[in-house]
Amino acid sequence: MSLKIATWNVNSVRSRITHLLDWLREDAPDIVLLQELKCTNDVFPYMEIEELGYNIAVHGQKTYNGVAILSKYPLDEVITGLPGDENDLEARYIEAVVSSPAAVLRVASVYVPNGSSPDSDKFQYKLAFLERLYSHIKGLLELKEILVVGGDYNVAPEAIDVYAPKELDGSICFHPLERQALHKILHLGIYDAFRVANPHSQNFSWWDYRANSYDSGKGMRIDHLLLSAQAIDIMQNCSVVSKLRELEKPSDHAPVICEIK
DNA sequence: ATGGTTGAACCTCAA
């Protein structure tokens with residue numbers, strides 16, 4: 001008995017619904033963490049996804065952001081919004097407990113702010129968000145559960161995770177301050193599933209729509225599945241589902257998927 | 001390449 005858990009920034013769930021349904025049928029992930037729904041809860045395409053056997057928890061927002069959890073097993077204890085700032089109303093975090101026959105686990109879907117440019121206010125919001133995520137994950141890890149915090153972190157952890165590390169050093173998604181903030185989260189003792197499963201592979205999860213980036217291999221690995229010790233120790237594999245970036249009208253992100261025993 | 005593309009909603013913003 002194993003569980004497939006994936007994260008995917010869909011860049012509008014309504015624009016990507018055909019790709020999403022085809023992929024759910026083909027790869028049959030048990031749990032999917034979605035980001036950038038770009039819609040409110042009332043227009044989320046519940047019916048088509050439920051027909052494939054998924055339970056759904058959505059934290060939507062008009063136009064921007066929006067996160068969801070799809071699960072073949074029941075979802076309980078749903079939390080929406082990242083704790084730590086009651087003035088932050090952006091829909092960038094949802095968490096739930098999944099009860100599968102094999103195990104009970106806690107999962108979260110997170111959409112870290114892009115940050116725009118390192119000299120902008122949005123970058124300060126990104127750093128503050130990562131600090132709040134640090135505090136929240138610190139608390140979750142004390143529960144000593146099987147925990148998966150997956151999403152679009154908008155940060156590439158290491159040089160191998162970007163196409164041109166020297167050229168990109170200091171630019172958005174690869175600035176020392178945001179990398180430090182992500183490393184601080186990892187140093188709590190939560191593990192980057194892709195890097196644990198593939199210590200030396202260069203596989204990106206996002207490619208800019210512009211300048212033919214996908215075909216020229218200019219991407220970054222900014223989508224991550226972070227697993228607690230209880231989860232990483234039973235992980236079997238982790239990979240990027242690049243084929244979804246090759247379809248007509250793709251998301252600019254490809255899913256990342258792992259399997260736990 | 002101070003460009004380039006995409007999506008949502010409005011003709012601009014965020015990514």
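These legends walk through several close-up views of a predicted model. Because the model is predicted, local features need pLDDT of at least 70 and side-chain atom pairs count only at pLDDT 80 or more, while totals for chains, interfaces and linings use all residues. Residues are numbered from 1 along each chain as its sequence is written, chains are lettered from A and ligands numbered from 1 in the order in which they are written, and side-chain values use heavy atoms, with hydrogens and water left out.

**View 1. F44 meets Y46 edge-to-face.**
Searching the whole structure turns up four aromatic pairs (rings of Phe, Tyr and Trp, the last by its six-membered ring, with centres within 6.5 Å; planes under 30 degrees apart are stacked, over 60 edge-to-face, the rest tilted). In one of them, the F44 and Y46 ring centres sit 5.0 Å apart with planes at 65°, so this pair is edge-to-face. F44 is buried at 4% relative accessibility, while Y46, at 27%, is partly exposed (buried is under 20% relative accessible area, exposed over 50%, partly exposed in between, using a 1.4 Å probe and protein chains only).

**View 2. Y125 and F129 pair up within helix α3.**
Here's another edge-to-face pair, 6.3 Å centre to centre with 70° between the planes. Y125 and F129 are four residues apart in helix α3 (residues 121–141), so about one helical turn separates them (helices are DSSP runs of H or I, at least four residues, numbered from the N terminus). Y125 is partly exposed at 22% relative accessibility; F129 is buried at 1%.

**View 3. K184 lies over the face of Y134.**
The distance to the ring centre is 4.4 Å (a charge sits over a ring if NZ of Lys or CZ of Arg is within 6 Å of the ring centre and within 35 degrees of the ring normal).

**View 4. Protein side chains reach the phosphates of DNA strand B.**
An N or O atom in the R92 side chain is 3.1 Å from a phosphate oxygen, and a polar side-chain atom of K249 is 3.2 Å from one.

**View 5. C173 is in no disulfide.**
The whole structure has zero disulfides (cysteine sulfur pairs within 2.5 Å). For C173, the nearest cysteine sulfur belongs to C238, 19 Å away. C173 is buried, with a relative accessible area of 5%.

Notes. Helices (H or I, at least four residues) and strands (E, at least two) are DSSP runs, numbered from the N terminus. A polar contact is a pair of N or O atoms within 3.5 Å; within protein, one must be able to donate a hydrogen and the other to accept it, and residues adjacent in sequence count only if both atoms are side-chain atoms.
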